[in-house]
Structures are given as C-alpha cells and as structure tokens.
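My notes are below, in the order I made them.

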Amino acid sequence: MTIDLRSDTVTRPTKEMQEVMWAAPLGDDVMGDDPTVNALQEKVASLFGMEAALFCPSGTMTNQLAIRVHTQPGSDVICDKNSHIYLYEGGGIMLNSFSSVKLLDGDRGRINASQVADAISPEGDIHATVSRMVSLENTMNKGGGSYYDFNEILQIRKVCDQNNLAFHLDGARLFNALVETGESTTQFGEVFDSISICLSKGLGCPIGSLLLGTKELITKAKRFRKVMGGGWRQAGFLAAAGIYALDNHVERLKEDHQRARIIADIFLQKSEVEEIYPVDTNIVIIRISSEISAPEYVRNLAEKGILAVTFGKNLVRFVTHHDFNDDHLQELRNRLLR
C-alpha cells in the first residue's frame, strides 16, 4: 500500500462521480452550449451570490485571468510573499499581465489591513507602480493550511474601497476554511470582486477550477481564457464531477482535517522533527533537524511507501485528502513508529 500525501490533487474520481460524469449531457463550451458546464457555472455563481462564473482547467488559470482583468501593464498586485500566485504560477503576474507585486510578510501567509494600506503606491507618484489589486489566499498553502479571520477580510475590503483597489481571493481550498469557521459562501461573495475556487483538491475532482465575479469581469476573462488556450469543448464530463463534488464532498472535508491533526501527533513522537506548524485544516508541515536534508528525508519516507514533498529548507509537507482513509492512517502510524 502506497500512502500518497504529496497533495490533495492526487485523488481519483469515486465510482459515483464517474457514473455522473459519463451520464452528463454535452455540448461545446467555447460556443457556450455545453449544458453541464453551464449548470456548474450557474450553480457556483448562485452558491456565492455572484453574477457569473467561468469553468477553467486550473486554479493557476483562474487566478491569472483575474489578475489580467483587474490590472493594467505597469501596475502591481499586493499579496503575501508566500502567495501561490507569486511563488507557484510560473511568473504569470509578470508574463501575462505585465504587472509587478508588493510582497507582504504576513502571519503564516495572512496579511492584514494595516499592511495593505502601507503598501499602496502614493497617488500620482510617477516613480512607482500603480496599485490595482489585493489578493488573499484562503486557506494558505505555505502557511500550513491557515485561514483568515473574516473580520480581518472585512477590514482589508475597506482599505480596497478607500483606494479603488480590486479585491481577489485565491480560494483554492476555501471550502476547507468554511467547514472549520462556519462562514458561508455568500459572505465571501459579498466581499470579493473575484474568487477562484478549485474542484481538484479537497473536493476530489480530476480537474477544474472556477473564477467568479461580475458578468462583465467573466466576459473579459472568457476572452483571455481563449487567448491562453483554455477554451475547451465537451467539458461537461468534468463539470459533472464538479457538481457532484459540491453536492457530496464538502462536509467530509472535516474528516481530512481530523486525520491531519492525528498525523501531526504522530510526528510529534519523532526525534528528528523540531517543529510542526499548527494544523488548521488538511495540511501538515514539519520542520526537521538540520542533520538531514528535506529531500533526503522525503526519499527515506518514500522507501517506506509514504509520499510527501519538500516545502522549503528543512520543511516537509503532507496533505490529507479524499483517498486517504483511516486504514491508511493506521498504516502510516505503523510505518513511522515501529
């Protein structure tokens, strides 16, 4: 048995999900007539109380589309220094939108309103970039699955309103945050100008993310999606998986979180582990002794049939997901502590 904790993107469609995928009515999404894609987009837009949504292959694409629409060449995006949009999207902010970044040092990836206000370029300063957009990540991948206090989000929204800044949410794992906090999707839809959510992580779909916003924003984003090569045809198979996941896989995210906390307890018993980030959702990050490198540690785990990833100097990340169950958890314990 291989225990794969590299990411929550490694999940495979359940039998029930496969059944609805193969039964989905299809059309041509580029032409706007795939009924299942349209149903998914309408469902998610309604779920968040937003006007429209756009189904895309990846969260990187939905984030980059939002940045492309919200910014202009020579402007900047304010975000945490460990944001996915900055670290893990291939330099897309610069390549796709010709924009720069203002990188903030948040609390496990969570920035605050005061930091945002201080980062905004002075109006009329020809030496500076023009601040156009603030982006938050919730949950925060590099922060070990940390999530925002919603009151802080509201305070950042005020700063955005006062300075005419667009407010975007990289909500790749937003549902992981929501099942912990009890906040609603509509609360987030009311606060953000655009939201990106992933279906292919904790929700267990094989592929797919959505960008949400106004009809005008989504119309512009759809054009740029085509330019980026993201116009797909009979995508209803994949959209059906998303509809099924939203109806059946959200509440069970709590199980992933509980198993992640148990994994952290297991690693507490390992002498080479010097620190474990607080486990808020489904991500476990451990800091190991400098006597062994993170790549070597990951290789040693792989020899035991446990797959993880390096996540920085002396850091290793584990992510629980739909395909990691209690039997896998017990086997993980046995292999690590025997």
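**Ground rules**

I am working with a predicted model, in which local features need pLDDT of at least 70 and side-chain atom pairs count only at pLDDT 80 or more, while totals for chains, interfaces and linings use all residues. I number residues from 1 along each chain as its sequence is written, and side-chain values use heavy atoms, with hydrogens and water left out.

**Overall build**

I looked up the secondary structure and found 14 helices and 13 strands; helices (H or I, at least four residues) and strands (E, at least two) are DSSP runs, numbered from the N terminus. The C-alpha atoms fill a box of roughly 60 × 50 × 35 Å along the principal axes. I then checked the radius of gyration, taken over C-alpha atoms, against the globule rule of 2.2 Å times the number of residues to the power 0.38. For 338 residues a compact globule would come out near 20 Å, and the protein has 20 Å, which agrees. Of the 338 residues, 56% are buried; buried means under 20% relative accessible area, exposed over 50%, and partly exposed in between (1.4 Å probe, protein chains only).

**Aromatic rings**

My search of the whole structure for aromatic pairs gave 7. Rings of Phe, Tyr and Trp (its six-membered ring) pair if their centres lie within 6.5 Å; planes under 30 degrees apart are stacked, over 60 edge-to-face and the rest tilted. Trp22 and Phe237 have ring centres 5.2 Å apart and planes at 65°, so I noted them as edge-to-face. This pair links distant parts of the chain, with Trp22 in helix H1 (residues 15-22) and Phe237 in helix H11 (residues 236-248), 215 residues apart. Trp22 is exposed at 66% relative accessible area, and Phe237 is partly exposed at 27%.

Next I turned to Phe188 and Phe192, whose centres are 6.1 Å apart with planes at 5°, so this pair is stacked. Phe188 is buried at 0% relative accessibility, and Phe192 is buried at 3%.

**Helix H13**

Which residues of helix H13 (residues 294-303) are buried? I listed Ala294, Tyr297, Val298 and Leu301. They cover an arc of only 100° around the axis, which puts them on the same side of H13; the arc is that of the directions from the helix axis to the C-beta atoms. On the other side of H13, Arg299 and Glu303 are exposed. At the start of H13, a side-chain oxygen of Ser293 comes to within 3.2 Å of the backbone nitrogen of Glu296. Just after H13, Gly305 has a positive phi of about 80°.

**Cysteines**

How many disulfides does the whole structure have? I found 0, taking a disulfide as a pair of cysteine sulfur atoms within 2.5 Å. For Cys79, the nearest cysteine sulfur is that of Cys160, 13 Å away. Cys79 is buried, with a relative accessible area of 0%, and Cys160 is buried too, at 1%.

Definitions and conventions:
A polar contact is a pair of N or O atoms within 3.5 Å; within protein, one must be able to donate a hydrogen and the other to accept it, and residues adjacent in sequence count only if both atoms are side-chain atoms.
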